[in-house]
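Work through these exercises with the model open in a viewer. Each task is followed by a stepwise solution.

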Amino acid sequence: MTTAMADERRNQLEQYLQNVTMDPNVLRSDVFIEFLKLAQLNTFDIIPKKAYLDIFLPNEESINIEIITSDTAERVLEVASHKIGLCRELLGYFGLFLIRFGKEGKLSVVKKLADFELPYASLGSSEVEHCKVGLRKWYMDPSLDSTLMDCRAALDLLYMQAIQDIEKEWAKPTQAQRQKLEAFQKEDNQTKFLELAREVQHYGYLQLDPCTCDYPEPGSGVVLSVGNNEISCCITLPDSQTQDVIFQMSRVKCWQVTFLGTLLDMDGPQRTFNQNLELRFQYSEGSCWQWFVIYTKQAFLLSSCLKKMISEKMVKLAAKNPEMQIEVPEQSKSKKYHIQQSQQKDYSSFLSRKSKIKIAKDDCVFGNIKEEDL
């Protein structure tokens, strides 16, 4: 086999694995889930037995729950939610994440645990030091907060996460907003606090660790915040100035995650091997399609966020048009909506590696994504 043939085979395998994990029919398959469950147990030599697992809440306190080491993230979420009194019908709005706190308490969300993942195995096998399993809301549209306000446990979680996001500077209130928020916090007025928080810049967004991108030149530093149907980038320019660039999801045609190899990390007391990943997306700039490339260890987390935003957008479209049918695997394993496929384009094709981007100025009509591939 030639090098070119090996590269082509690897690319096709990458495409297949990404498409399989985005197929809602596969994700609902008991056979598929059981296969992956056994694969994790065998890979990490785990024997099913009782264990105790700490689940960290957004206020950085934890609850201790009894699990079986073979329990999936979906099952662990059910147990944790029951312990804190979260309504079962609201489980789809929350998820389990691998999180860690770095220097000066800096929060990093390492990854979203898929329903079929075993938290016990993921926690023990993670190459990132000091990882914990955290419970956080799992939706990108801040307006969905209103759906959860009648459940006391859900309200508490939203309130805790809003405070955390502001303290960690993921959400960026103005000085006037900060003063009002502090007043509501002193009064313990959670409802008023959250109503105002939804007006704060980047409220409900997930912020990635600092990484690099190819705009305006390769190796440029960038901090990404993802949420509310946009990708917000704070890019460090060659002259050390910063530039904010916002990509609207309605203008994203497709994206892909690519494994670029393994790098030896010489930092720290031990040498460690780190996966080198990139996420690139194709973006509409006027009449042209441009590429934007991001190099980050959190590429799969970012991909999950993009998929989530599209899913939420499609649900809103479905609510306005009863004839549409879409799959929403994250919310419910039996929930369907109707969509006219002839009006959609494919977003998940495996694409050539061309890279060029300009700053976006205008928005356009959403409708480039086919939900059945999410």
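**Exercise 1.** Which residue in β5 is the bridge partner of Phe 56?

*Solution.* The model is predicted. Start with the strands: β1 covers residues 50–56 and β5 covers residues 132–137. Their pairing is parallel, over two bridges. Now look in β5 for the partner of Phe 56: Gly 134.

**Exercise 2.** Find the strand order of the sheet and name its edge strands.

*Solution.* Step one: trace the order, β2-β1-β5-β3-β4. These five strands form an open sheet with mixed pairing. Step two: look for strands that pair on one side only. They are β2 (62–68) and β4 (107–112), the edge strands. Step three: take the twist, which averages 45° from one strand to the next.

**Exercise 3.** In what sense do β3 and β4 pair, and over how many bridges?

*Solution.* The pairing is antiparallel, over five bridges. Next, follow the chain through the hairpin of β3 and β4: five residues lie between the strands. Among the hairpin's residues, Glu 104 takes a positive phi near 60°.

**Exercise 4.** Which strands does helix α7 lie across, and at about what angle does α7 run to β5?

*Solution.* Locate α7 at residues 152–167. The helix lies across β3 (94–101), β4 and β5. Its angle to β5 is about 110°. Then turn to burial in β4, with buried meaning under 20% relative accessible area. Five of the six residues of β4 are buried, so this strand is mostly covered.

Terms used:
Residues are numbered from 1 along each chain as its sequence is written. This is a predicted model: local features need pLDDT of at least 70, side-chain atom pairs count only at pLDDT 80 or more; totals for chains, interfaces and linings use all residues. Side-chain values use heavy atoms; hydrogens and water are left out. Two strands pair if DSSP finds at least two bridges between them. Helices (H or I, at least four residues) and strands (E, at least two) are DSSP runs, numbered from the N terminus. Axes are lines fitted to C-alpha atoms, for helices over the stretch in contact, and angles run from 0 to 180 degrees between N-to-C directions. Contact means heavy atoms within 4.5 Å. Buried means under 20% relative accessible area, exposed over 50%, partly exposed in between (1.4 Å probe, protein chains only).
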